[in-house]
Amino acid sequence: MGLAFNRGNPADGPWQRRTVPGGHVPALEIADLDAREILDSRGRPTLRVTASAGKHRAWAAVPSGASTGRNEAHELRDDDPDRYGGAGVRRAVGSVAGELRDLALSRPWPSLADLDEAMIDLDASIGRYRLGANAILGVSMAVSRLFAQRDDRPLWAALRLPGRAARLPVPHFNVLNGGAHAHTTLDFQEFMVAPLGAPSIVEAVRAGAEVYRCLRALLAAAGHSVGLGDEGGFAPQLTHPEEALKLLVQAIGNAGYPLGDNGIAIALDPAASQFRSEDGSYQVGGERLSSSELVERYGEIVGSFPVWSIEDGMAEDDDAGWRELTDRLGDRVQLVGDDNFVTNAKLIRRAAARGIANAALIKPDQVGTVTETLAAVQACRDHGYTWMISHRSGETADDFIADLAVGTGAGQIKAGAPARGERVAKYNRLMDIETGDPGLPYGAQHAPLSDTAR
């Protein structure tokens with residue numbers, strides 16, 4: 001059933017009651033709430049929630065992951081084999097149209113945190129098994145937009161945390177896929193390019209698109225397939241991660257950009273839980289590696305390629321391996337926990353106390369509400385961790401995470417390749433934000449790079 005999810009303290013977040021010269025801002029009175037079943041980018045069902053309050057109307061669509069941590073909040077599906085192979089979400093839609101609607105319309109809401117807490121209490125299960133985290137998150141996201149509209153603020157401004165400046169993030173483009181996203185012989189799941197040295201988000205997006213184009217040309221010339229994985233990256237039949245890294249280095253050079261923090265660096269998401277065997281070993285390119293040997297392999301990669309970030313470098317339950325990896329490379333590269341953290345503030349704090357990783361991936365659907373997502377970001381801040389806002393492999397056209405990245409000052413986002421509408425929607429939204437607010441700074445706030453990347 002997973003671990004209990006930490007709600008955080010609503011008073012610590014941006015959704016507490018705001019005072020104005022005449023007193024408190026009036027509570028939000030939700031007039032209507034509904035949901036419907038739609039398709040995500042993998043052709044699987046998800047839900048879209050719509051909410052209204054006075055003259056304002058907002059919607060949100062909920063993403064879904066393929067590579068998931070065991071402690072993620074529960075995604076409610078129908079389990080009806082006659083519809084979508086059991087993956088339908090009519091039950092989650094029913095949660096929104098029924099109990100959650102009744103709750104939302106039952107009284108005015110001083111803050112989103114109040115509503116989020118009430119929805120958690122209404123579900124009353126560990127991990128949101130009863131009403132579904134997908135249903136609850138859809139309501140939380142849609143209503144967060146209503147609060148922003150009521151206050152006449154862009155969503156990113158409404159999501160700002162106290163004491164944290166907004167910032168345009170470095171996009172991490174997943175241009176080459178393996179693992180669960182591609183089902184090829186390449187075990188590492190994501191190979192990303194990150195324009196750390198770009199002067200703006202507009203130029204960063206251009207750089208990502210140009211490298212993507214050059215990579216496609218390289219793959220085609222070498223006789224590789226240029227078919228796409230779940231997140232828009234190419235999915236060639238490679239065996240060793242070093243083969244993929246060499247292609248990225250060549251593509252970056254062919255596109256005319258320098259390597260490293262003054263140009264374009266590389267980020268990896270091996271998703272190590274996916275290639276760990278029952279005996280505790282890791283299977284990489286046909287080789288059987290112990291935790292220590294895998295850490296050594298990462299050390300060799302970091303020493304040879306401009307890699308600045310490694311996500312899920314060890315399996316989610318390999319704490320000893322995580323500590324060894326952190327001790328070995330934590331002062332050279334960003335080490336991001338995802339499957340082991342699942343956007344849970346409690347788990348992030350526990351990991352920090354154990355010396356595991358130095359950064360966290362933030363995915364709202366892993367934990368189930370916007371308030372809890374912000375609590376996870378706050379946990380990162382409290383412990384000196386960086387954080388990266390992330391999409392999922394099953395995405396929609398909803399660009400909520402772009403505003404979340406800017407508002408929380410993350411400095412980093414990954415939303416897939418610079419291709420496919422559901423991925424490009426996030427990057428286009430970031431460019432829109434930059435155009436509307438040209439004074440916002442751009443870039444990662446912390447970039448511990450290896451000697452090679454420098």
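Predicted model: local features only at pLDDT ≥ 70, side-chain atom pairs only at ≥ 80, totals over all residues.
With a relative accessibility of 2%, aspartate 403 counts as buried, because the threshold for burial is a relative accessible area under 20%. Apart from residues up to four places away in sequence, aspartate 403 touches Leu155, Trp156, Leu159, Arg429 and Ile433. In the case of tryptophan 156, the backbone nitrogen lies 3.0 Å from a polar atom of the aspartate 403 side chain. Arginine 48 is 355 residues away from aspartate 403 along the chain, and the C-alpha atoms of these two residues are separated by 18 Å.

The unreviewed UniProt entry carries a "binding site" annotation that covers Gln189, Lys363, Arg392, Ser393 and Lys414.

Lysine 363 is placed in the loop that runs between strand 13 (359–362) and helix 10 (364–367). Its relative accessibility is 5%, and lysine 363 is therefore classed as buried. When neighbours within four places in sequence are left aside, the residues in contact with lysine 363 are Asp338, Thr343, Ser390, His391 and Arg392.

Serine 393 has a relative accessible area of 2% and is buried.

Definitions and conventions. Residues numbered from 1 in each chain as written. Heavy atoms only, no water. UniProt positions renumbered as here; feature names shortened; annotations may be inferred. Helix = DSSP H or I, 4+ residues; strand = E, 2+ residues; numbered from the N terminus. Buried < 20%, exposed > 50% of the residue type's maximum accessible area, 1.4 Å probe, protein only. Contact = heavy atoms within 4.5 Å. Polar contact = N/O pair within 3.5 Å; in protein donor to acceptor, adjacent residues only side chain to side chain.
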